[in-house]
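Work through each task before reading its solution.

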Amino acid sequence: MKVEGEHLFKAPREVVYEMFNDPDALGAAVPGMQKMVKIDESHYEAVLGIRVGPVSANFSGNLTLTDEVPPESVTLIIEGKGGAGFVKGVGYVKFEDLGDQTTLLKYTGEANIGGTLASVGQRMIDSVAKSMFKTVFEKLDKILEERWQKN
Amino acid sequence: MTEKYFGKPIKRLEDKFMLTGNVKYVDDIEVPGQLHAAFLRSDYAHARILKIDASEALKRPGVVAVYTADDFGDFWKPGPLQVPPPTAIPGSQFNARTLVPIAKDKIRYSGEVLAVVIAESRYIAEDAFDDIIVDVDPLPAVVDLEKGWENTSVLVHDDLPSNMAALVKQEVGNYEEAKKNADVVISKRMLIEHVAAAAMENRGFIASWDERNQEMTIWAGTQSPLTIRGSVSRALGLAESQIHVITPYIGGGFGPKVMTSLADDVLLPWISKQLKRPIKWIEDRRENFLATTSERDQVHHCEIALKKDGTILGFKDVFYHNTGAYDSYGMTVPLNTQTHTISNYRIPNFYSEIRMVFTNQMVVTPVRGAGRSEGIFAMERMVDFAAKELGISPIELRKKNLLRVDELPLNTGVIGQDFVVNILDSGDYLGNYEKCLEVIDYEKFRKEIQPKARKEGKRVGIGVVAFTEGTAVGPYEGCRITVSTSGKVTMTSGYSTQGQAHQTVFAQIIADQLNVKIEDVRVITGDTNQFAWGAGTFASRGAALVGAATYLAAQKVRAKIFSTASKKLEVPEDELELCEGSVCVKGQPETTIPLGTLAALANPMRGVVEPGVEPGLEATAYYGPPHGSTGCGAMGVIVSIDEETCKPVIERMVMVDDCGTMINPLIVDGQLQGGISMGIGNTLYERLVYDENGQLVTASFMDYLMPLATDMPKKLDIVHNHAESSLKVNPLGIKGVGEAGAIPPGPAIVQALEDAFQDTKLEILESNLSPSQIYEYLKKA
Amino acid sequence: MSNKLFPITVTVNGVEYKREVEARLLLSDFLRHDLGLLGTHVGCEHGICGACTILFDGGAVRSCLIFAVQANGHEIRTVESLGTPENLHPLQQSFHEKHALQCGFCTPGFLMTLVPFLEENPHPSDDEIREAIDGNICRCTGYEKIVEAVQDAAAKNSQAK
Ligand code: FES
Ligand code: FES
């Protein structure tokens, strides 16, 4: 499965970039995230509950940040598995400074899924992923708003 | 013989119990003390196993045992070659890599078993999956057949130099020479989709070891109970007499239930013996899609060479066939494809090459249609393309090249699944085709219906194809018929039943031969303690082989009835006849003796039985044909299609079929209609889709679309066109009919679709078409 | 997963049953394995094949999509409530006469779908019958003879009146 998209944040690039390195922010933004712990500078461990059509299950996995070029870009490697299969993905995230204290986030990525998730959930997975991204960005917007305005 | 029953549309004896929920399928059987098994299956299609740790699962309340490959010790080994490849084809290569019951070291398809959980309930057993830690190193998967054939770096079996499972070349005449004289040569690449058998009942297996009697009882929804008995006996080192395999009622077979050496039939008897408890496993639908065998999935590179006048000079087909991760079932399917490609038309020069490929998918074994559908599809399509190229109507081109009655029997020179050269025994191929044109009223469609519809802006098309159905292959089947002292008759055979009405059709033969009421005949199938010889239910062979054996055994019993009665009544045998349920003296109907009485006399409790006389009114007979038979026929369809939605509707379908003598036309029609629905489903709805990682992404009825009542033809006619056999292979003239219906719908429907768009360049090169694919094709046209 | 048991009272084929069940127990499993009513079959457990169809307060529903606890206080009818081998229900008789079943696995689901359908629509057209059974899969018959059987039952029913 391929993913691609963009989102406009109303905050300076450094702030947005920083937020992506903050497990609390990410953890709070991803729907179904039950746990997200920072292991070291670039590794996180997470437990995520997801529901795709008839399949709902917990996934536990790792999130690794590599090729970090603060505050311009970062590559995310995700590996998760659980009772309903596995997900493996890599995402390339770019932060473009559009000036005016706005930042355009662009992402492309590819994910492999397997197990029950693939065999009975494949049909729905694209739309589930889309709605998940939408929710994540909405939540991040809120978090940013709170943080950015506070400062 | 009096034919009160044979050939008549007798209603089924088994119905009233089935209709009221009074029969038992395997999941209906509860053995006291039974435990439930669930299989943890691989999420990956291809991976190395690093670690499987099930220790946590054992702590879960209700879990009794968990096994991984290592726990089976020496018992773990690759299974037998259930069907060996034929040795008679010169130069053929076959790499046997047989199924393993549970993955060890390496996973080769998604859904392969990694661990077996035994628990007090199925719910608990599945809960325990969450406790098992599986660590693997994923590998790229072999999915695409042509790429997989070439690929030598990603190997399904590391010890082989490539993914080649088999390479078989068969040639008749000399294609390349013939091609030189051709006016037209057409080559195409065509895809045949991967489909599931999807019987409504999934598979199921119960193993129950009785420690006190040292006996294993097995209930299995299988098409081959005797194969299971043999393999369990070998694997556990038991005598076959210690193993009793019972097939309860089975909710449809369609091929895959013939497969053995799977996790259930290998591991569960062993576990039952270890735990001394009955173990039950019932497959769920997702497992059925993932890990029960399936079929089709071929890529054909065909070439046809013709004269300008339409005479076919030769045909060449190099095709890739997916065997899945293992090839325990040999080459039955692609060999069927080879024999069927050349089975209809006069093809003096023929070259066919099987390239059987290992892939990271579940094993491929026959599914109703079994290789035949693919061969017929390839040939029928090529004839259509040739007709377009030559500017001859596809009808005329077929009529010109179809075999004629006087050309049969014909030795095609191609060796088939039964390891002997295929012989087209009998049939009026051209007559079937002409009959079909007549019943569907081809002329009227062309002259009136289609032009009228075009004027109204509607798209309708017609397709008429010819087909054959190789049936009734050996080796043999048998049965035993016994008359009880009550006068009731029992027939037992090693064959098993999945809805084919065996309880009725074999009873029809016996009731006529012995002149008893059909209700007084009891047919027992698929119980190894009742009858322990036979090969199993497959290849449209039940009626022909078991039917013939039944007839032969009944003849023997009949002879015994007469000799016993003659002695008792002191009347010569030729003065006796069978009255219903008894023997009477001709012209003296009052002098009768009931069959039950004769049965008692034939089994005296004191006195002397003469030397050479076997006791009882009982006889056993076997029947094995020298080669298979060939059913044949034609199919016509009229399809309309809405250009906006691209959804085809089958307005009319006519099937002309010659399956030889019919024991029961009602049952024959049921077989044909069922086959037709599968053929329609295969063509327009059903498709097993694997992604590039070998993940099956259509493992439920939400994604694997089954044909429904509204998808059937609006009007369907079945015409029986039974040509008297010119070659009497079968004593009753029976050929077989189980798969015929599934074969021709594909080529007929695509021909009709192309016809509906004859003003475009629409050219369909695959066997399965969803509306969105039709849309894509139309965009290109 | 908690194994808490919930008491339920269900009337099945006119008999009242009181049982304690886990919340996750499917009604199909409850009928088959707790009550031993084996005529209800399970072909997919995801609501598509229709083999598990039963009457729930008179309406045809899929018992694999309902938990047993949801049946608490309700009335259920299964294929066992229709006829007996000696005395078939008219629709069962028509299925027999028209050869509308082969392996028989889908049959109880078809019957339980069709019984309320015929009550509501005693003179259906072929198309209406096909629509009515469009949620039931039969792999064996190709549906032709099932449609014939329904027409046969409808015709006999109107003659009888
Ligand atoms: S088992 Fe309930 S719909 Fe298939
Ligand atoms: S009779 Fe077998 S599925 Fe319908």
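**Chain contacts**

Chain A and chain C do not touch (contact means heavy atoms within 4.5 Å), and their nearest C-alpha atoms are 9 Å apart. This is a predicted model, in which local features need pLDDT of at least 70 and side-chain atom pairs count only at pLDDT 80 or more, while totals for chains, interfaces and linings use all residues. Residues are numbered from 1 along each chain as its sequence is written, chains are lettered from A in the order in which they are written, and side-chain values use heavy atoms, without hydrogens and water.

**Exercise 1.** Find which pair of chains shares the most contacts, and describe its extent.

*Solution.* 
- Two pairs of chains are in contact, and chains B and C share the most contacts.
- On this interface, 57 residues of chain B contact 48 residues of chain C.
- Chain B and chain C bury about 4400 Å² between them, 59% of it on carbon and sulfur atoms. Buried area is the accessible area (1.4 Å probe) that two parts lose on being put together, summed over both.
- On the chain B side, B:L19, B:Y123 and B:M200 lose the most area to chain C, together 18% of what that side buries.

**Exercise 2.** Count the salt bridges between chain B and chain C, and locate the one formed by B:D127.

*Solution.* 
- A salt bridge needs a side-chain nitrogen of Lys or Arg within 4 Å of a carboxyl oxygen of Asp or Glu.
- The count between chain B and chain C is four.
- B:D127 pairs with C:R24, with the closest N and O atoms 2.8 Å apart.
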